[in-house]
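Work through the following exercises with the coordinates open beside you.

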Amino acid sequence: MAEVPEAAPGRLAVLLRHLWPPGAAPAAAAAGPLTACPTSAQVVSAKHPVQFCYTLDNSLLTPAQRHFYEENGYLLIKNLVSDEDIERFRNEFARICRKEVKVPGMVVMRDVTIAKSEFVPDEKAVTKVQDFQDDEELFRYCTLPQIIKYIECFTGPDILAMHTMLINKPPDPGKKSSRHPMHQDLHYFPFRPADRIVCAWTAMERVDRSNGCLVVLPGTHKGSLKVHDYPDWEGGVNKMYHGVRDYDANAPRVHLPMEKGDTVFFHPLLIHGSGMNRTEGFRKMLNKVLSRLGVSPSWQFVDVLGFEEDALNSVPNPACAMLLLFPLTAQPISFCINPLLRVLLSFAANWNSSLPAK
């Protein structure tokens, strides 16, 4: 048993000679305690493949595009649908508005505030064509090869069109009914899994903030489906649209200006919406009607939401001559003093008295 202590240092010296690099044993022994030498596995770091939750492996999307969709929940592809196809879809929409096409099950929605106007053709009154899967021409959009190949990147090859819409956003009639509150499409979809659902949205003409382009809250697709209801908006809201109740209204948002044929693909949980169409098309048409009555170009139609209810109730019918006309170059003045307004009001009163009694 006395030989064990003497043999132990020898065995340890043999072991240390195997651990030290050749020629380094004396220096290492003089240096004292051993130090660890990194192995090749520690020197060369391995890169593991990134796991994508919202896109499938494919040869179409670049890694940068997949990363963008992963983080933001939408992907914009420029100039995906040709002008020729867009024009064919527009022509079919016009035929539907003229009631030349009737498809069983297809829903044609009209903005009541616009449809009641005698100055607007039918196409401007129609705001949406929904469930057009049995319209051969419009459903052709869902079969376009360039659309299908992008859809497969999100859903795989087993594709089914679950909801079809053509949205028309006429110039707002002054009721703010052309805006669409922030919402999640999954609110309307009774099927899952959500990560294998994608929306394809193609612009049929140039869209920007002036005519109500899409606006999105990037990254919200990573959250859950939120409670939807009618939003508490001043001036009311189009009753066909629900909005998200409890989202952060101060969260960063991105507007998506798009050119004709551009297509955006987005996740059904992405919070998105659109603003009013503030372009002048409908308003210019009304102004032309006024010009035929001899009204100066310096007079325009304006929003009257700021008027108090009592004042509105005391105005004779029709009220447009008094309430909607104000000079652009001066402050509003009393209608009883301004000669032009007196003339118009007299014209309105005479016209009103000539109407048959209700």
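Predicted model: local features only at pLDDT ≥ 70, side-chain atom pairs only at ≥ 80, totals over all residues.

Residues are numbered from 1 along each chain as its sequence is written, and side-chain values use heavy atoms, with hydrogens and water left out.

**Exercise 1. Judge the confidence of the model.**

Step 1: pLDDT, the predictor's confidence in each residue from 0 to 100, averages 73 over the protein chain, and 55% of the residues score at least 70.

Step 2: Look for stretches where pLDDT stays under 50; among them are residues 281-293, with 16 contacts (heavy atoms within 4.5 Å) beyond four places in sequence, and residues 301-355, with 53 such contacts.

**Exercise 2. Classify the partners of salt bridges by their accessibility.**

Step 1: A salt bridge is a side-chain nitrogen of Lys or Arg within 4 Å of a carboxyl oxygen of Asp or Glu, and the structure holds 13 of them.

Step 2: Glu-100 and Arg-98 form one of these, at 2.7 Å from N to O; Arg-98 is partly exposed at 48% relative accessibility, and Glu-100 is likewise partly exposed, at 46%.

Step 3: Glu-137 and Arg-140 also meet in a salt bridge, at 3.0 Å from N to O, but here both residues are buried. Through shared partners, salt bridges join Asp-85, Arg-88, Glu-137 and Arg-140 into one network.

**Exercise 3. Find which parts of the chain are linked by the salt bridge of Lys-222 and Glu-71.**

Step 1: The two side chains come to 2.9 Å, N to O.

Step 2: Helices (H or I, at least four residues) and strands (E, at least two) are DSSP runs numbered from the N terminus. Lys-222 lies in the loop between strand E7 (214-216) and strand E8 (228-229), whereas Glu-71 belongs to helix H4 (residues 63-72), so that the pair links distant parts of the chain, 151 residues apart.

Step 3: Lys-222 is partly exposed at 45%, and Glu-71 is partly exposed at 47%.

Step 4: His-221 lies in the loop between E7 and E8 as well, yet counts as buried at 1% relative accessibility. The side chain of His-221 reaches the backbone oxygen of Glu-70 at 3.0 Å, and, beyond four places in sequence, the contacts of His-221 include Tyr-69, Glu-71 and His-267.

**Exercise 4. Describe the open sheet of three strands and the helix lying across two of them.**

Step 1: Two strands pair if DSSP finds at least two bridges between them; the order is E1-E11-E6, with antiparallel pairing.

Step 2: Strand E1 (74-77) and strand E6 (199-202) each have a single partner strand and therefore stand at the edges, with one side left without a neighbour in the sheet.

Step 3: E6 pairs with strand E11 (residues 263-266) over four bridges, and Thr-202 has Thr-263 as its bridge partner in E11.

Step 4: Axes are lines fitted to C-alpha atoms, for helices over the stretch in contact, and angles run from 0 to 180 degrees between N-to-C directions. Neighbouring strands of this sheet are turned by 20° against each other on average, direction ignored, while H4 lies across E1 and E11, running at about 135° to E1.

Notes. Buried < 20%, exposed > 50% of the residue type's maximum accessible area, 1.4 Å probe, protein only. Polar contact = N/O pair within 3.5 Å; in protein donor to acceptor, adjacent residues only side chain to side chain.
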